[in-house]
Each structure stands twice: as C-alpha cells, then as structure tokens.
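This report concerns the strand order of a sheet and the charged side-chain pairs of a protein model. The sequence and structure are shown below.

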Amino acid sequence: MTVFVVSLFLPNTINFTLPTSTSSRGRPGPHAPRRSTTKIDISNKPSLFTPQQRDLTPPQTPIADVDQDEFFAQSDLRGHFPKQEGPRSTIAPSDPHSPAWGSGRIFTQPRSRASSPPPADILKHNKTVEKAATLGRAGIRQPLPLRSDSHDRVFAHADWTVVPADQGNGGLRNAVQAAVRNDKLNDKIWVGTLGMPTDALEETQQKQDIEDRLATEYDCLTVFCKDADFNGHYTHYCKQILWPVFHYQIPDNPKSKAYEDHSWVYYVKVNQAFADKIVKNWKRGDVIWVHDYHLLLVPSMVRKKLPDAKIGFFLHVAFPSSEVFRCLAVRKELLEGMLGANLIGFQIHEYARHFLQTCSRLLCVEATNDGVQLEDRFVDVIDLAIGIDPVALDMNRDDPSVAEWMLTMQDRYKGKKLIVARDKLDHVRGVRQKLLAYELFLNKYPEWRDRVVMIQVATSTTEQAELDATVSDIVTRVNSSWANLAYQPMVYLKQDISYPQYLALLTVADALMITSQREGMNLTSHEYLFCQDGKFKGHNRNGSLILSEFTGSASVFGGNELSVNPWDYRQCADAIKKALEMDDDEKKQRWDALYKAVMHHTAEHWFTAFLTRLEKVYAEQHRRDTTSVPRLSINQLGQQYQRSERRLFILDYEGTLASWGSPNDIILTSPQRTLDVLNDLLLDDRNTIYVMSGRQPEELDRLFKRVPNLGLIAENGCFLKEFGSSKWIEMADPEKMRAWKESVEGIMEYYHERTPGSWIEPRHCSLIFHYKSCEDQESAARQAGDCASHINDACEEQRVRAIPIEGAVVVEPIDWSKGTAAMQIFEGLKKGMAPNVDHVSPVDFLMVAGDGRDDEVIFRWANELGVDKTVKYVTTVSLGSRNTEAGCTLTQGVTGVLTVLQKLAMLS
C-alpha cells in the first residue's frame, strides 16, 4: 500500500547554481565580528501618524552599541532550516513563515512570469488574449516584458540541486518523517508543486530531469502549473479570499478582493492538475491523503475518476461557522469538493461541528455526529489534533550553535524577564493586539519597567503595509516612552530568525505569548513547552504560556495555559503579570499538564491515528455500499425459515410493502396483495409480524384493520401496538413531547412565513416542514436548511433533531426510533417465553426489511443479534439504492418483497 501525501508544496525544491552567482558564505555565530553596514535613510518608513504628529514623536533613545536587527541577522538564510536526520530527511520548522511565492529570497530560482494581479474579470482576460493574438497576426509588436527571456533561458542549462523547501506545511512534513522513522509508514509518495515559478523550464530537458530525479530518489510526484495559474490560485484566491474567510475575516471591507471572482478559475485549474497527477499514478489499494485549504476540490475530482479510491482529507486551518462560510460565492462547490473524501479531519471538535452544520444548512443533507449522509454514501468526519515531532526537535536542540545562542541571549538580557513571540504579520495573528496589551501592562504595572523585555519576531508580508505601519508605531511609542541607555522594553524584528536562534529563544524565555484571533493548531506553543523541560542546566524551565482562547491548541491544553481573549487588553495585561509573578510550584504544575498534552498529541500519533481511522471507515463504507452487499438468496432464506420454530418479521411499510412513495404522499388505502400476503403469513402460529411506519397510529389502524394479530410501530418508534393487542403504547413522555414541540413550532412558523408554498404537518411525536410544492425550490431549500440548522442548535438539550429529507425537514426525538421499538418488542417476547422452555432467545428467525435512512438503526440492531448468536438466523434486507448496513439487497422493490414473503407463506 502506497500513501499519496498530497500537499500544495513538496518537501523539496530546486536550488540552481547560475554561472554568475557566488557561493554562499556561512552564517556568522553570535560572536562573529561585525560587518560594516551602510545606514539606510528610514525617515520615509510607513507610518499611520500624520507628518504634523511625527514631529512631536520623541526621538528613539540610543540604547546599545549593537543594533537588534544585526544581533539576530543571518547572512545565509539557509540557517533557517533544522538539522536533518539523513540525506532524504525533510524535518522542517513546525510553523514555517514562508516567503512570498516566486520571491526567490533563499534559493536561486526563476522569477514568476505571472502578471499580478490577474485581470478583475475573467471575460476581460479572454478579450485581452484575443486582442493580443489579433495584433500579433497584424504584425504589430507587443510591449516587451520587463525582464528579458534570456534571464529565464539560463535556468534551462544551469546546474541544480534538490534541497529542503522553505515553503509548505512543516507540521505535516515532520509527521511524515516521524512515521517513516518509526516504521509506521513504509511506502509514501509526496504530490505537490516545487514552490517556485516553472514557466522558465517549459519545453526543456531540465524540467524532465528534475521531475525524474524527484520521483526516483525523493518519492515526489511534481505537479507543474503555469505561473499565472499558480499565482491566481495561491497569491489571490487562497490568500485573499479563503484564508481570511476561514479565519473569520469576512470580506466586506472596501479593500477586500473577494468581489474579484476571477481567481476562482485558477483555483479550479490547479486543483484539477493535482487530481490528474494522482489519477495517472494511482493503483488499487493506494491511499490518497489530501491536505489543507489549497486543495479543497481535489477529493471530489479524484472521486469522479476513481470511484473506489480510498481518500482522506485534513484541514489544517480553522473552519468557520456557517454564517461566515456562506459568504463565499462558491460555497457549495467547496463543500462538495471536500465531501469527495471517505474521511474528513479537523484539528478540533469545534471546527468539525461547524463543517457538519454548514453541510446541513447549505447542502440540505443529513449531518450526524459521526459525519455526513449523502445520497449514495456516508462521509465520516473526525477531529484529531496535530502535534510536533519531539525526537527531531530534541536532536536539533543538541546542535552546538543552539547552546551558544542561549548563552549569548542570557548574557544580553541578564536580570530581565523575557516574553517571546514569533508570528506572521497579518491581521489573523493578533500582533497588534499583543503589543497594545504589553503597552498597557507597562502603563498599569510600572514596577515591571526595566525588568521585562518582549521579543517579537514578525515576518512581514507586502500585502499588510497598513498593519506593518500600525505595529511599527506601537513599537516606537513603547520604546520612546520607557527605553533608556541600558534598557529597551520591546525588541521588534521584521525578519525571521535562524532555527538555532528560534530554539534558543524558546529555551531562555520566561513566557510565550500568542494572541491569534483564529488559528488551527499553534505548534510554536507546543515547541516552547517542550523546550522548557529544563534539559539545559542554568536555563529557564517550566515557563508560562499565554495563549489565545481562539487557537485550536487551547482546546487541547485543558485550561492549564493562561487563556486570554486577544481583544480584552486588560485581561492580556493581567495575564502577563500573572505569568511573570507565578510561583514555581504553580508553574511546575501547569507545565506538567501542558507537557503531557504535547507528548500525547504528537505528529506521529496524529499521522498514524488518521490513517488507521481511514482504513476502518473505508472498510465500513465499502461494506455498506450497495454494490458490495450481496443479493438476497431466496433458497437459503426458505431453508432457514423451515428449520426455525419462532419467527419474527419486522417490515417497513412505505416503499417496502407498498410502493406509494414517501409517507408524506401515501394514499390511505393499502394494496390488497400486501394485506393478503400478511394474512397468509399470520396463518402460521409460529410467525410474529410487525409493520413499521412514519405514519400516525390512527392512520395505521385504518390501513391494517383487516389484518388481525398484526403488530404495528407508528411514527418511527414513538408508538407501539403489540401483536394481538388493540391498545397503543406511547413510548415517549407526552409532557416532554409537548414542551419541545412548542419550541420547534415557533421556529418552523418563522420559516413557513418566509417560504411561500410551504406547510407544517404536526404529528403526535414529530413535526414536518414541507416545501416540495414551493415554486422557488432554490430559495425554499435554503430556508429549509436554515430551519434545520436553527432547530438543531436551539433544541439540542431537548433531545430532538431536525433531519433534511427530500422536499421536507423532519423533526423527531433522538431517544426513540425504530430500533428502540424493536428492542422493546424483543424484550416483550423474551418475557412471554414459558419458564420451562429451554430457549436462549425468544426468536430463532428474524427478518427485517426496509428502504430508508430511518431503517438503518434497526438493521444494525438485528445484525448485532446475529453476530453474538442471540438469534440463530438473521436476515436484513434493503430495497434502497443508498449505502446500507443491511446484510443483503433486493433490487425488485416492493414486488420482490411481496414475492419473497408469499413464497415463505407457502412453505409453512
């Protein structure tokens, strides 16, 4: 079995050696001699202050003879990477702050040929292309690109090496590496892009050589996209639309690019390129595991070509509530893309619940706690938190340069408490909120001035110039207010630091502060807690963690961190004070609990747990697929019938005994053949028959008044009439029924008024919102989805659920079903057994037949009786085309069921 690990970026990329490029020098150590630098005029740096105000800002106090930026500077950015275990190892920072795509900051690579941004309207884009072609045919010369093609051509013949990539999902790479190291993953293939522009390599042998070498030596299948396609997909659709919406930044501000829907076309193109590459290389038995929001469409694209493929999908970022997700113009396409998988994973329960609610609301499908029931199959949904790889992290801590940097930092900040942070500079990470909270802390608690330093590493992005200016102004204000010749309260680095510096910083810190407004798992906090184990004597241990309650990690740590709301600056300031003043016993107690959580939720545990679950759900789903379920063998059934003495039949009515369609449309007369077959079977005293239905008790009495001794189950298990009895037993508490129906009716009435043509059908134990006869079906389906979502959210404690079915929403109790009614029947038969009869079970032959979703629970119950040998012969029959837990299928529908029952009656 091969596992396809499908991620936007491969763990490796290409570094070219151009004839003119000089070899890189090594990164200086902390004590390396200073290089002379040219001071750059920064008087025009971005700022939100007006020019008049800038004159009033005091000059920054000279505080040291070495500039902070130079102290942390790296001349060779390859120092960013962790030490590798071997030549094919791909250990990466868990939260790598990748440079912009195509910027070529770290490696020598081609520049992007894409024009950015793409045209706002795809129609205009097509017209532009047509116009260019027309002008070309007329012999009119087009403007030359800013960069000559000769720059690109040099890459076609340059030497190159395969190196660990600077972009991509570091947590995923470490998880794969950990699984390989511990023999949990023997055969894997990465599928992804090189993380660099590749138009310059088109139609060259170089491109083929790179692809071949990555495939043969590095287990990587390379997906090549046009620069324009990748730029539109990644830089525009992923980063400007999906990333903000998934992190609750609703695209409703004037600067949002969400209205420029053109980039969706590129998103589809890149996803299709990935799907095509997978389909081309897939073999039966392989596992396809797709990762993150860049590739949401890939599961369904692959499913269309490979219906039997084993596909998993994991979303590494947050998933928003349905109110936010529905802002996306292509919301249905994205959801349906994800639902192509067999198993969908999220970091925490909250995100999984949001996804299920969104599917129920926007797609009008049934969403249970375990997953989503589609028309032809079930998609399982789980939450499983990713973690770090402690083995690789510990190996990198043993690097001598880490110990060297720890000593240097300890000496530099001697006698000061250190609060550290490392974030991308975007609105989601909450850097602004953190710095304002720190400013408030210094204002509110002046005794801590001169005694605490915050080191904020912030990797900047070009799109966030306004935020960059705001943060710079806060830093300037704080340092201008409280800095002196020997003290700087805030060290702000607009650059990333090397991996040894990063590990040293986490080790010497007294507290780590994370104030993300939304985030999946913040693995920096996990690495910090691991580095605080006191391995290096004389350095800090058991440091405090200040963590935003809106990160996925907060739900894993169980309240042992100092949880804060990033928008509550006072709470954040108080949390800083508590972290710095906490006594050693409390720090140790909190750290022990946090460390235990980190060591449980490791990268390897996450990787193996997901794949194990995928194997299990795939086998389950495959077993329940109608093409895998065998046909009913009438001969075998007849033999079992003749060998048995105590027979129980539980038969669904609508769609099984009568072909009148759904209970909502059924005509209240029962076909004569159905009544005759039931009467024939009941002539044998050894047979007990129950008919189950969604109809009300009085309706069933009317339907079967000519079949004496027939047992009935009404309203899907809420009412039971035992065979030979004329009284109905109400299974549910009438008072509770009245209470929830009052609540639900009010909600249904609200949506009924807003949906012309809809109507509400009240029953004893359920309510049905019908919209099948509405003229505007699209609007009605949307209202019905909202209605179901509203009821499920508001009435969860009252133990009821709203289930979308075709043309209606059914609201029924959770605690009563056809399954509970069947159990009651079985218990009643057991009590009725004669005390001197030496039988293990009151029944030795059980046949259950049905065709709908609500029959699955009784199929499951009956199959369990067969597995544990409580009942000798168990036959469960499904007539539907949907996936089922029944043991066999009958494709002839109602006629087939009646024919089978007629044959059994003749055998009596």
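How many salt bridges does a search of the whole structure find? In this predicted model, the search of the whole structure finds 46 salt bridges. Side chains of opposite charge can pair when their charged atoms come close.

Eight strands make up an open sheet with mixed pairing, and their order is β22-β21-β20-β19-β18-β27-β28-β29. At its edges are β22 (729–730) and β29 (888–889), each of which pairs on one side only. Strands of a sheet pair through backbone hydrogen bonds, either parallel or antiparallel. Strand β19 (residues 687–692) and strand β20 (residues 711–714) run parallel and are joined by three bridges. Opposite G711 in β20 stands Y690.

| Pair | Distance, N to O |
|---|---|
| E645 and R686 | 3.7 Å |
| D684 and R686 | 3.1 Å |
| E885 and R860 | 2.9 Å |

What does the salt bridge between E645 and R686 tie together? The side chains of E645 and R686 meet at 3.7 Å, N to O. E645 lies in the loop between α23 (634–643) and β18, and R686 in the loop between α24 (672–682) and β19, so the pair ties together parts that are 41 residues apart in sequence. E645 is partly exposed, with a relative accessible area of 44%, and R686 is partly exposed at 30%.

R686 also meets the side chain of D684 in a salt bridge. D684 has a relative accessible area of 10% and is therefore buried, the limit being under 20%.

The salt bridge of E885 with R860 has its closest N and O atoms 2.9 Å apart. This pair links distant parts of the chain, with E885 in the loop between β28 and β29 and R860 in helix α29, 25 residues apart. Both partners are partly exposed: the relative accessible area is 21% for E885 and 36% for R860.

Elsewhere, salt bridges that share partners join D394, R397, D398, D533 and K535 into one network.

How values were computed
Residues are numbered from 1 along each chain as its sequence is written. This is a predicted model: local features need pLDDT of at least 70, side-chain atom pairs count only at pLDDT 80 or more; totals for chains, interfaces and linings use all residues. Side-chain values use heavy atoms; hydrogens and water are left out. Two strands pair if DSSP finds at least two bridges between them. Helices (H or I, at least four residues) and strands (E, at least two) are DSSP runs, numbered from the N terminus. A salt bridge is a side-chain nitrogen of Lys or Arg within 4 Å of a carboxyl oxygen of Asp or Glu. Buried means under 20% relative accessible area, exposed over 50%, partly exposed in between (1.4 Å probe, protein chains only).
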